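Please open the model in a viewer and keep the selection tool at hand.

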Amino acid sequence: MTSRPSTKNWPLLILDVALVIIFAAIGRASHDSGNLAGALDTAWPFLIGTATGWIVAYYNWDRLVPVTVPSGVTVWICTVAIGMLLRHQMDLGTAVPFIIVASLTLAAFLIGWRAIRHLIVRQRNAATG
């Protein structure tokens with residue numbers, strides 16, 4: 001029997017995609033080129049990395065819930081590594097300051113919400129347990 005992906009994970013994937021687009025929009029706006037087309041132009045290599053991270057981390061969506069910090073690290077590493085490799089191959093710019101800022105911002109976004117959720121759940125369990 002083939003298992004179907006859990007529909008409860010789709011909003012979490014959408015959250016990660018939105019955060020990558022927000023990262024790109026903030027970056028574009030800081031360079032006075034903030035529009036949706038520009039943000040998507042910056043975001044697409046990273047979005048391919050995010051999709052790859054989800055595939056790597058959540059190959060069986062029925063068993064794995066994409067809210068753990070370690071799975072967030074997997075998504076983050078894939079997002080940054082693949083995003084930068086694609087940007088380099090397409091000659092879109094991979095200056096060291098950009099790599100540092102992108103890595104730190106995407107870590108805060110992609111790992112951050114998972115870490116906050118983990119702390120809230122742990123605190124809630126301690127209060128009830």
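Buried means under 20% relative accessible area, exposed over 50%, and partly exposed in between, with a 1.4 Å probe and protein chains only. This is a predicted model, in which local features need pLDDT of at least 70 and side-chain atom pairs count only at pLDDT 80 or more, while totals for chains, interfaces and linings use all residues. Residues are numbered from 1 along each chain as its sequence is written, and side-chain values use heavy atoms, with hydrogens and water left out.

**Stop 1: Asp-91**

Select Asp-91, in the loop between α3 and α4. Helices here are DSSP runs (H or I, at least four residues), numbered from the N terminus. Is Asp-91 buried or exposed? Asp-91 counts as exposed because its relative accessibility is 70%. Although Asp-91 is not a glycine, its phi is positive, at about 55°.

**Stop 2: α3 and α4**

Next, select helix α3 (residues 69-89) together with helix α4 (residues 96-110); their axes come within 9 Å and cross at roughly 150°. The α3 helix is therefore roughly antiparallel to α4. Axes are lines fitted to C-alpha atoms, for helices over the stretch in contact, and angles run from 0 to 180 degrees between N-to-C directions. Angles under 35 degrees count as roughly parallel, over 145 as roughly antiparallel, 65 to 115 as roughly perpendicular and the rest as oblique.

To display the contact (heavy atoms within 4.5 Å), show Gly-72, Val-75, Trp-76, Thr-79, Val-80, Met-84 and Arg-87 of α3 with Phe-98, Ile-99, Ala-102, Ser-103, Leu-106, Ala-107 and Leu-110 of α4. The residues of this contact comprise ten nonpolar, three polar and one charged. In this classification Ala, Val, Leu, Ile, Met, Phe, Trp, Tyr, Cys and Pro are nonpolar, Asp, Glu, Lys and Arg are charged, and the others, Gly among them, are polar.

**Stop 3: α3 and α5**

Val-69, Ser-71, Gly-72 and Val-75 in α3 meet Arg-114, Ala-115 and His-118 in α5. By class, three residues of the contact of α3 with α5 are nonpolar, three are polar and one is charged.

**Stop 4: α2 and α3**

Now display α2 with α3, whose axes come within 7 Å and cross at roughly 140°. This angle makes α2 oblique to α3. Among the contact residues are Trp-44, Phe-46 and Trp-54 of α2 and Val-75, Cys-78 and Met-84 of α3. The contact of α2 with α3 divides into 13 nonpolar, nine polar and one charged residues.

**Stop 5: the largest nonpolar core**

A nonpolar core is a set of buried Ala, Val, Leu, Ile, Met, Phe, Trp, Tyr and Cys residues joined through side-chain atoms within 4.5 Å. Of the 20 residues in the largest such core, select Val-20, Phe-23, Phe-46, Trp-54 and Leu-106, which touch the most other members. The elements giving two or more residues to this core are α1 (10-30), α2 (36-57), α3 and α4. The most come from α1, with six residues.

Centre the view on Phe-23: leaving aside neighbours within four places in sequence, Phe-23 is in contact with Phe-46, Phe-98, Ala-102, Thr-105, Leu-106 and Phe-109.

**Stop 6: Leu-19**

Finish at Leu-19, in helix α1. Leu-19 counts as buried because its relative accessible area is 15%. Apart from neighbours within four places in sequence, Leu-19 is in contact with Phe-109 and Trp-113. Leu-19 and Thr-105 lie 86 residues apart in sequence and 9.8 Å apart in space, C-alpha to C-alpha.
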